[in-house]
Structure formats: C-alpha cells, structure tokens
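Colleague: I am new to this structure and would like to go through it by question and answer. Please show it to me before we start.

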Amino acid sequence: MPDNYIKSTPVSDGNKYQLRTVDLNLLTVFDAVMQVQNITKAAQLLGMSQPAVSNAVARLKVMFNDELFVRYGRGIQPTARAFQLFGVVRQALHLVQNELPGTGFDPAESKRIFHLCVSSPLDNLLTPIIFYNVRKAAPNIQLSFKSCLNKDIEQQLRYQETEFVISYDEFLRPDFSCLPLFEDEMVLVASQKHPRLITMLRARDIYKEQHAVVSLDRFASFSAPWYQSPQRQSCISYQGMALTSVLNVVSQTQLVAIAPRWLAEEFSESLQLKIFALPLRENKRTCYLSWHESADRDRGHQWMAEILTAVCCR
C-alpha cells in the first residue's frame, strides 16, 4: 500500500443529519423568523406564503430536536436553543452570500434588519440622526434600536443579535472592534434657583454637594466613573433610570449632576438649568462604535459601519 494512501472512512449512518441531506433553505427561514419573531412577517420578508414558512419551522424543529419557537402574545418567542443557533447560522449565511457571484449588498434594494444599541444618553443625540440618514440612503432597510446595555452585550454582539453598539464604554477584548467617534465634554448641572451655585465650584467642593445620578446598579451606568469610591458615593441623594430624569430632578431641587454638555444645553432653557465646567480630571468621555470581528466580512455590515461612522462623528 503506498505511503500516501489515505483510507476513506465511511460516514456513520447513526448521524441522521449529514450536511448533504439538509435543506439549507430552512436556515434562511430560521434567520428571518428569528429577526422578526412573527411567522406572517417572516413570510412577507422572504416572499413566501405563511403556510410554507410554518411548514419550514416545523421541519426545523425536527431537525434540531427543539421547539425553537413558542407562542408569545401575537408573535412567537425563540427558545434558548434558537438563540444559541442564531448567531452561528447568521454568520454562515452571510459568509456564503458574500461569495456568491452577483449577490453583492445593494442598500437601495436591501430589506435587511439591523439591530443597534445606542446607549443612554447618546440615544437622545444619535438615534434620530441614524434613522434619517439610513432611511435617506436605503429606504427599505429596517432599524431596530435599544438604549440599554446589559451584561450579555458581548455575547449578543458575538452572535449578531445586536450588530453595533454606540456607547461611552469600550470593549477591550481582542475579538471586538472599537472605533472612536468623538469626545464629549462633561459639565456640572444645577438648577438656576440653586442658592449656593453662583460661580464654578472648585474640584474639592464638587462632592460636598448632594448629587443626582443614573443608578449605579445599572450595567454600564453613565454616572459610574465619577462615583467609584464609597466617599464619593456618600454624596448621592437620588438615583434614576435615565439621565433625562436625573436632569428633571436637578431642575426642581438643590441637587447637582454630571452630564454631557450637549445634553445639558438641550434642556437648559426648558428645565432652567445652570451649566458649569467640570473641574475634575475625568471631564471628558469618548464615544465608541463597537462590533464583533466575526461580522467584518459581511458587506452589509461594512456598509452600515461606514454610514454610522460618517453620520455620528462630530
């Protein structure tokens, strides 16, 4: 027997679903249903009949030996197994799609759904800008926004349940891309009726005032960088869920808050706020556009990254 002869090993009949026996069209149905979580909407997205999509979902359930989707209100809710599969299936479909001749991403024709997280308070500034510019460039593309980061955000990016994050938080793992968009100046905000704050405070006086903050219990709380020590936390009198509510409380009390200058100026007239330069070393924050490197070869993802970079830089 020649040295370079490799004996072939027959495929075991015990492995029911070899790739050659799988209808790969089912995976495109799975991807669409996961995106919209509604059979009727998925059928419209795919240009299929509702019974055909329902039949495909039934076959998927058998193939993966899992319910995958359960009824929830007027739609359906993916199971844990479906969420586990979603990122892997999406990455595979995009990679194959990118290599097919004549199937380049055309933003003018695409009906793709992009899932973005623009964290608070940046959502107040950037979400309308992104909506307008994407709609102008690609009227059929759909955008799904959320404003809260959570502890699972890295996994969501890895499996492309969320495709982009715009926030003040940088993802430091080597498999994430973080592109700086701009740097924000931070200011101290108080009510115009505040009895003491007439001129700018000195750094040593900042934490002698009582503060209103975004709850430090929230994942990636906006306020957290300024209240790292128990001594600084002792000055907190109010913790809210969003910075806009924090500013509203400040306008009606003798509390102070730290906020981006653009947000403070936006509400300064309506809430009658005074704005002071922040005399602390931590008086700037960088806004980042972040994604997982597994999406880098996806042409649609590349296009959206270029749009977000262009319209969000200040």
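Colleague: How many bridges pair strand 6 with strand 9?
Modeller: This is a predicted model, in which local features need pLDDT of at least 70 and side-chain atom pairs count only at pLDDT 80 or more, while totals for chains, interfaces and linings use all residues. Residues are numbered from 1 along each chain as its sequence is written, and side-chain values use heavy atoms, with hydrogens and water left out. Strands are DSSP runs of E of at least two residues, helices are runs of H or I of at least four, and both are numbered from the N terminus; two strands pair if DSSP finds at least two bridges between them. Strand 9 covers residues 256-260, and its antiparallel pairing with strand 6 has five bridges.

Colleague: What is the bridge partner of L179 in strand 11?
Modeller: Strand 6 (residues 176-191) and strand 11 (residues 284-292) run antiparallel and are joined by nine bridges. In strand 11, L179 has as its partner L289.

Colleague: Is R112 buried or exposed?
Modeller: R112 is in the loop between helix 4 (80-99) and strand 3 (113-118). Buried means under 20% relative accessible area, exposed over 50%, and partly exposed in between, with a 1.4 Å probe and protein chains only. The relative accessible area of R112 is 13%, so R112 is buried.

Colleague: How many residues has the largest nonpolar core?
Modeller: A nonpolar core is a set of buried Ala, Val, Leu, Ile, Met, Phe, Trp, Tyr and Cys residues joined through side-chain atoms within 4.5 Å. L126 and W226 are among the residues with the most contacts inside the largest one. Leaving aside neighbours within four places in sequence, the contacts of L126 include V118 and F182. The largest core has 60 residues.

Terms used: Contact means heavy atoms within 4.5 Å.
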